[in-house]
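Hi,

Here is the structure I promised to pass on. Have a look, and then read on for what turned up.

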Amino acid sequence: MSERTQSGRPKVRLHVDGPLAAGQAVGLDHERAHYLRHVMRLERGDSIAVFNGRDGEWSAVIDGFGKGWCSLAVAERLRPQERGADLWLLFAPLKRGRIDTVAEKASELGVSRIWPVFTRRTDPHRVNMDRLRANAVEAAEQCERLTVPELAEPVPLERALAGWPAERRLFFCAESGAAMPIALAVQAHAGNPAAFLVGPEGGFDTQELDAIRNLPFVVPVGLGPRILRADTAAFAALACWQSLVGDWAAGGADGRPPFRSPGAPDPSTS
Ligand code: SAM
């Protein structure tokens with residue numbers, strides 16, 4: 001018997017690529033089949049939840065396991081699709097382990113685009129995008145979001161800034177020079193799509209700091225009186241934005257995930 005949450009929904013939740021609709025067959029690869037069968041100990045007839053970032057969340061019944069595969073039959077829709085926050089994170093790649101955590105936490109914190117950018121003092125010169133993507137997807141599955149963040153190809157920071165969409169504010173986490181406290185800055189630009197830029201462990205160099213802060217879409221922000229490590233700075237900035245103008249502030253379900261508040265209506269039936 002598959003494990004279910006208190007609300008009776010399947011506990012195991014997977015992101016899939018293909019379309020989702022009642023009666024649709026979904027095939028899973030070796031890794032996922034192994035996870036369901038040998039890690040979660042599920043069997044034929046058990047239910048899991050699936051989402052693809054386009055068609056909402058669905059229950060799906062395991063209708064077969066084979067050597068290195070699993071097939072599912074999509075059953076009923078549990079939640080309609082939501083767009084999620086429009087929030088980008090640009091960050092200078094960090095060493096392995098810490099960069100994995102950035103992908104995981106950015107996904108949990110509702111980031112829609114994760115974008116590694118190379119600054120002058122960035123130490124790692126390559127990024128393992130497959131690993132970053134796997135961390136972001138796994139976090140999306142675990143945290144019950146309905147989308148997975150887009151992983152943008154790593155580029156030099158100047159290139160990312162050269163093609164910047166004018167209406168999107170880039171909150172530049174600036175460890176020195178003039179800046180607004182983050183809370184004031186995000187509230188002053190609440191209506192605009194947003195992005196955060198966090199520098200490398202070695203910080204931005206002076207020329208970079210000056211060049212970035214003079215761009216018209218850039219809003220330099222301060223994160224308080226202590227120097228934070230780059231990953232801490234990213235998580236703190238994202239949490240501030242979400243709580244002041246993002247989906248933590250948007251009400252609904254007591255600021256908790258759907259189905260978690262006592263007596264919360266089931267969105268699939270409303
Ligand atoms: N090595 C730099 C120094 O000593 O000045 C510090 C760099 S810090 C470890 C890495 C990044 O986190 C910075 O480039 C900045 O984007 C962000 N950051 C850290 N603390 C910050 C603060 N108090 N305000 C704004 N940004 C901060």
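This is a predicted model: local features need pLDDT of at least 70, side-chain atom pairs count only at pLDDT 80 or more; totals for chains, interfaces and linings use all residues.

Starting with the ligand: one of its nitrogen atoms sits 3.1 Å from a backbone N or O atom of Glu201. In total 20 residues surround the ligand, with Cys173, Glu175, Leu223, Arg226 and Leu228 the closest (a heavy atom within 4 Å is the criterion).

Residues are numbered from 1 along each chain as its sequence is written, and side-chain values use heavy atoms, leaving out hydrogens and water.

Now the cores. The largest nonpolar core has 33 residues, and Leu87, Leu89, Phe171, Phe196, Leu238 and Trp241 touch the most other members. (Such a core is a set of buried Ala, Val, Leu, Ile, Met, Phe, Trp, Tyr and Cys residues joined through side-chain atoms within 4.5 Å; buried is under 20% relative accessible area, with a 1.4 Å probe and protein chains only.) Helix H7 gives this core its largest share, 6 residues. Apart from it lies another core of 20 residues, including Trp115 and Ile212.

There is also an open sheet of 5 strands, in the order S1-S3-S4-S5-S2 and with mixed pairing. Strands S1 (13-15) and S2 (25-28) are at the edges with a single partner strand each, so one side of each has no neighbour in the sheet. S3 (residues 47-51) and S4 (residues 57-66) pair in the antiparallel sense over 5 bridges, and Phe51 stands opposite Glu57 in S4. Strands and helices are DSSP runs, of at least two (E) and at least four residues (H or I); pairing takes at least two DSSP bridges.

Helix H1 (residues 30-39) lies across S1, S2, S3, S4 and strand S5 (69-79), at about 95° to S4. Angles run from 0 to 180 degrees between N-to-C directions, with axes fitted to C-alpha atoms, for helices over the stretch in contact (heavy atoms within 4.5 Å).

Cheers

Note on methods
Buried means under 20% relative accessible area, exposed over 50%, partly exposed in between (1.4 Å probe, protein chains only). A polar contact is a pair of N or O atoms within 3.5 Å; within protein, one must be able to donate a hydrogen and the other to accept it, and residues adjacent in sequence count only if both atoms are side-chain atoms.
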